[in-house]
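Here is a short report on selected helices and strands. Please look at the structure first.

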Amino acid sequence: MIQDDRPSIEPPLAPGERLLGRLDTDFDAAGRFAPGRLLLTDQRLLARGGPAGEWTAFELGDELRLRLSDHGGVGTLELHGPDARLGRWRYLMRRQDQAAEFAELARRQLAGIEQEAEEPQCAACGATVPYAGAPCPACEAEEPAQDTAPATWTLFRLWRFARPYRGSLALGFGLTLASTAATLVPPYLTMPLMDDVLIPFQNGQPIDTGLVGLYLGGLLVAALLAWGLGWARTYILALVSERIGADLRTAAYEHLLSLSVDFFGSKRTGDLIARIGSETDRINVFLSLHLLDFATDVLMIAMTAVILMSIDPSLALATLLPLPFIVWLIHMVRERLRTGFEKIDRVWAQVTSVLADTIPGVRVVKAFAQEAHESERFRVANQYNLRVNDRLNRTWSLFAPTVSLLTEIGLLVVWAFGIWQIAHDRISVGVLTAFLAYIGRFYTRLDTMSRIVSVTQKAAAGAKRIFDILDHVSSVPEPVDPKPLGRVDGRIELERVGFRYGNRQVLHDIDLRIEPGEMIGLVGHSGSGKSTLVNLILRFQDPVTGVIRLDGTDIRDLGVADYRRHIGLVLQESFLFFGTVAENIAYGRPGATRAEIVAAARAAHAHDFILRLPQGYDSLVGERGQSLSGGERQRIAIARALLIDPRILILDEATASVDTETEQEIQRALDNLVRGRTTIAIAHRLSTLRQADRLVVLDRGRIVEQGGHDDLLAARGAYFRLHEAQARLAEAQFGPTSVPAPVPGPGPEAGLATGSRGDAGSQQGRASS
């Protein structure tokens, strides 16, 4: 990860000059990494760069023009005057959206369109920030643009998951009502105990043991009844909440799997794991414990208030005196807690993302001796998490004692007013005793209910983050009425297909027809659009313009899973799941027999090395297949593709990262795999496409050439230049004997490799990878 080491130098703003936008840049004029910054004000464009971090100013005027472009993964922003280019700044493509927004702001300013004068605010705390997306001085964090705070009403959306259990919920509510009523019986019995037993006894009357036994029996029965009803209520609602949480997790995960690849490209793994894992657990705890407590508290307060009003209205009003102040305090604190807990969730996702980056890549960390660096990354993220929690705790630590203070003041008011009423013979000591018992419960529940504000806002923040997933609409939607896919021949047609990422056009008017059983090779420089074209055929994404057809049917009219079931995919870095070798081979066909799995492994030239493993086909491959070599993982991936017997096969650099001997094994396996199938192969190493029926050359998102190897060499165009570049590289590394003459030969492999795959031709291919 590249660290942003931009020096903290304040821009030289003139008095009254207003800052409108910012763009961070990553390269200097020579193309070396050198962090810089562009600032747009209502008067000038300010650029910072150079080793000293000096600022250059360009006065805005009608004659200035901004131009955005990109190539090879680097974006460029140019400022042009009437006669010459005044400046050029380069940035990584991850800043493309920021650059487009910055350029649009600048164009509006150059055109004299007045920008909105409303001061931007931090989404977390509401503090004024210099410009949209700027670091918040109060929060010390980059706030995402257009971020909205979650409302507590988000929790009501959970009803769709609770609806199947509404019968159990109704039973649980009835038990809650009954158990709450049972707990209110003992304070009521204190009145006759005081007035009819204890006070008469102090005045010299004998104690009526029968009456005492009746009252004490009533207290015992009420306690046992409250215990039994409380246990049944807690058990039933706990079962319901666990099932709601499980359904929520399942729904979120299933919807996550239905989303397009674009969604995952914009999210961090740790963040998604935290949402489906810890956020659903938080909601589950809220539903099973805190929501139950909240319902009990509300019922207790309401029923207690009714009983107090029935005993003595004036004393009841004195008891309720602190309630409006507590409600006002809850309302004031709730907003801070709500935004604060959502920010804590985002920060915690950053902490888990560091773990999700580091643990799978621990070999790279250790190979580059970056343990200290990764520890520092985690420490910084953890410290930031600590600071955010500390800020929220300052608010919460003041809120809870304040509520307790108000309830204590209310208790003092009841004591004072009750003593005054007893002194004037308006109530008895028993009534005051009952009142004190009731308000003890009343204020305790009021205090507890105020503390639930915290967990409610935590649950609301978690619910919003989960519903952010559930509300996300896939960019590759299922058709409303999918067409049935019968026998697949494998004819693929692309007609005027175009695609772009944001504002960056990646493919332009692609027209391509692939016949059933034909093998084509996609070649071109990095960033030419090969992988994007394959992603469109796989329907990981849909084209912005044009149409892709399978056997004459638009693939958007086919069920996504039904369509992909006929496609086999072998990647450069094959992903294996934690499990056995047999389970990984049978991933596309979980019901495959052991004989079919072994047959696929034999065809993939994987059977022999699998038998050498400790448990053979039942050996665990480890997480991501780390217990196997790269070539072994690749052959298992080929066996996995063979087992589903696809009509269409896509090979994405399937032999790019292995040695020569392993490449020979994989190539023999691929020969079995491609036979009789429509095959699309991507390769930078041109020698690996020697069996292709046709080569398609892409450059900057366009098909510039297509044809056989010999014809393309003779045309001396883009393919010829690619071939020559690889030949020169091989000659520089291995000497002129390993470089064939670039002239047409008898087959596709002529001029690409000489001799067997194990000699100089293989060396050339390895050098060009």
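## A hairpin

Arg700 takes a positive phi near 55 degrees in the hairpin of S16 and S17, which has two residues between the strands. Strands here are DSSP runs (E, at least two residues), and helices are H or I runs of at least four, both numbered from the N terminus. The model is predicted: local features need pLDDT of at least 70, side-chain atom pairs count only at pLDDT 80 or more, and totals for chains, interfaces and linings use all residues. Residues are numbered from 1 along each chain as its sequence is written, and side-chain values use heavy atoms, leaving out hydrogens and water.

S16 (residues 694-699) and S17 (residues 702-707) run antiparallel, joined by five bridges. Two strands pair if DSSP finds at least two bridges between them. Val697 has Glu705 of S17 as its bridge partner.

## An open sheet

Four strands form an open sheet in the order S9-S8-S11-S12, with antiparallel pairing. S9 (504-514) and S12 (553-554) each have a single partner strand, so one side of each is left without a neighbour in the sheet.

Five bridges link S8 (residues 492-501) with S11 (residues 545-550). Ile492 stands opposite Leu550 in S11.

## Two helices

H4 (residues 185-202) and H5 (residues 209-258) pack at about 170 degrees, with axes 10 Å apart. Axes are lines fitted to C-alpha atoms, for helices over the stretch in contact, and angles run from 0 to 180 degrees between N-to-C directions. H4 is therefore roughly antiparallel to H5 (an angle over 145 degrees).

Note on methods
Angles under 35 degrees count as roughly parallel, over 145 as roughly antiparallel, 65 to 115 as roughly perpendicular and the rest as oblique.
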